[in-house]
Number of protein chains: 2
Amino acid sequence: MDTIELLRNRRTIRKYSEQPVSDEMLRELLEVAFRAPTTGGMQLYSVIVTRNHEMKQKLSPLHFNQPTVVSAPVVLTFCADYNRFVKWCEASNATPGYDNFASFTTAMIDALLVAQQFNTAAEAVGLGCCYLGTTTYNAPQIADVLQLPRRVVPVTTLTVGFPVDMPQQVERLPIDAIIHNELYNDYSVEDIHRCYEEKELLPTNKRFVEENGKETLAQVFTDVRYTRKDNEYFSRIWRDFIAAQGFE
Amino acid sequence: MDTIELLRNRRTIRKYSEQPVSDEMLRELLEVAFRAPTTGGMQLYSVIVTRNHEMKQKLSPLHFNQPTVVSAPVVLTFCADYNRFVKWCEASNATPGYDNFASFTTAMIDALLVAQQFNTAAEAVGLGCCYLGTTTYNAPQIADVLQLPRRVVPVTTLTVGFPVDMPQQVERLPIDAIIHNELYNDYSVEDIHRCYEEKELLPTNKRFVEENGKETLAQVFTDVRYTRKDNEYFSRIWRDFIAAQGFE
């Protein structure tokens, strides 16, 4: 399929068929993913491949038991990694200065660009993927399960497998809600209404509001899905863990 | 071209031909980019399109005068954006709790996945792109030039245009340097040597070491390109700016 059509028609896949993903296919897709842009050619990332059922069962609760973790043939944890690079510096009579937040940010960007390049490559060969945002929430425990050393921080996870079916594509905001020409064009209340109107009127979203006993769709996000309490709790864990891994 | 081959053969493009990028093409590519995976369907990003020459000249020094900024027909600044979402919450009788580091991280992830999906879409229609890592270094001044409000933080920039020529593809580490099966397999000194040997022996990299008057390639990174002093300086600015934009 044409790449533009592939990207345009993509969707997140959470349910996988029994069809296995061969080691050969996975390695080829990772090789292609590692062609993603990377800061200064440094490739500040590592990918942990989980295929073992017991390992998936250890990871599962850390991803809030989303069924996709245990059911996917392959789970990939993408990590910001300065461990390899620092060890290279130390083996090369060079004094690294990467124990800081800017360096962590650089490695996090590298890891995310690779994850998305992998996602596209996987979809191109008929696989489906699902990102797990829970990776940063429970980063310390995930690092523990995967035995990540200092200077390595998991930033996102992809579950990967062949789709059992093709779900409906989900909605997106109108593109003019997101594009700003030359200067950021801040939103009036009317603009906000225009941006979110279509989303709010979707039958699936109206049902979502009703099922959660809420008045508005936004309340489902603030009161149920992404609450202040959870965000503040996970902020502390995440910030502390980044520092504990050596990025002060 | 087949998507896998497109991804495998991609390279960063820093020099652009005179061929213009039409508004129509740009909008289509952005629409396709906005199909990238996004946390909870929230689309926590904005894209600022810079075409105006004066605006490029204002951005140029903030990207350390990399010539690609002024010469590219289009410059895209990808921002983590909670402003639109919070305004929607406030207009919907919902109380947002997104003024924290975990929420910033979520929006940053969203913005980076979109940037990479845009990069792939652009390459699929024959355009070339270059990421500018300087975006997070000078985020406060970039935000000032683009008039980014509170809750909006620039996380990366892509310069975009038709390539004037196709540069050589740059090297990558052997894939087994990056892939870990089940558990992180930490690197011995011998492993590090195996990972970086090929890179160090490349004539371009040997010349790079010589031109910089260094003993090893790693020293070019630690002493010239990404120094402790710069990293610590930009860490403070970046961390403070994230907080100042409302993510405490």
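In this predicted model, the centres of domain 1 and domain 2 of chain A lie 29 Å apart, taken over C-alpha atoms. Where do the two domains of chain A run? Domain 1 takes in residues 3-166 + 228-244, and domain 2 takes in 175-225. So much for the domains; now for chain A as a whole. Its C-alpha atoms fill a box of roughly 60 × 45 × 35 Å along the principal axes, and the chain carries twelve helices and five strands. Of its 248 residues, 50% count as buried. Look at contacts in chain A between residues at least 6 apart in sequence, and you'll find that 79% of them join residues at least 24 apart.

Now hop over to chain B and pick out helix α2 (residues 23-33) and helix α6 (residues 101-124). Their axes come within 8 Å and cross at roughly 135°, which makes α2(B) oblique to α6(B). The crossing of this pair is right-handed. From α2(B), the contact is made by L29(B), L30(B), V32(B) and A33(B); from α6(B), V114(B), Q117(B), F118(B), A121(B) and A122(B) join in. What sort of residues make up this contact of α2(B) with α6(B)? Eight are nonpolar, one is polar and none is charged.

Last stop: helix α11 of chain B, residues 217-225. Which of its residues are buried? They are L217(B), A218(B), V220(B), F221(B) and T222(B). The cover over these buried residues of α11(B) includes α9 (189-201) and α10 (203-211) of chain B, along with α5 (83-91) of chain A.

Methods: Residues are numbered from 1 along each chain as its sequence is written. Chains are lettered from A and ligands numbered from 1 in the order in which they are written. This is a predicted model: local features need pLDDT of at least 70, side-chain atom pairs count only at pLDDT 80 or more; totals for chains, interfaces and linings use all residues. Axes are lines fitted to C-alpha atoms, for helices over the stretch in contact, and angles run from 0 to 180 degrees between N-to-C directions. Helices (H or I, at least four residues) and strands (E, at least two) are DSSP runs, numbered from the N terminus. Angles under 35 degrees count as roughly parallel, over 145 as roughly antiparallel, 65 to 115 as roughly perpendicular and the rest as oblique. A crossing is left-handed if the near helix is turned anticlockwise from the far one by less than a right angle, and right-handed if clockwise. Two residues are in contact if their C-beta atoms, placed from the backbone, lie within 7 Å. Ala, Val, Leu, Ile, Met, Phe, Trp, Tyr, Cys and Pro count as nonpolar, Asp, Glu, Lys and Arg as charged, and the others, Gly among them, as polar. Domain bounds come from an automatic or database domain assignment. A residue is buried if 20 or more other C-beta atoms lie within 10 Å of its own, exposed if 12 or fewer, and partly exposed in between; C-beta atoms are placed from the backbone.
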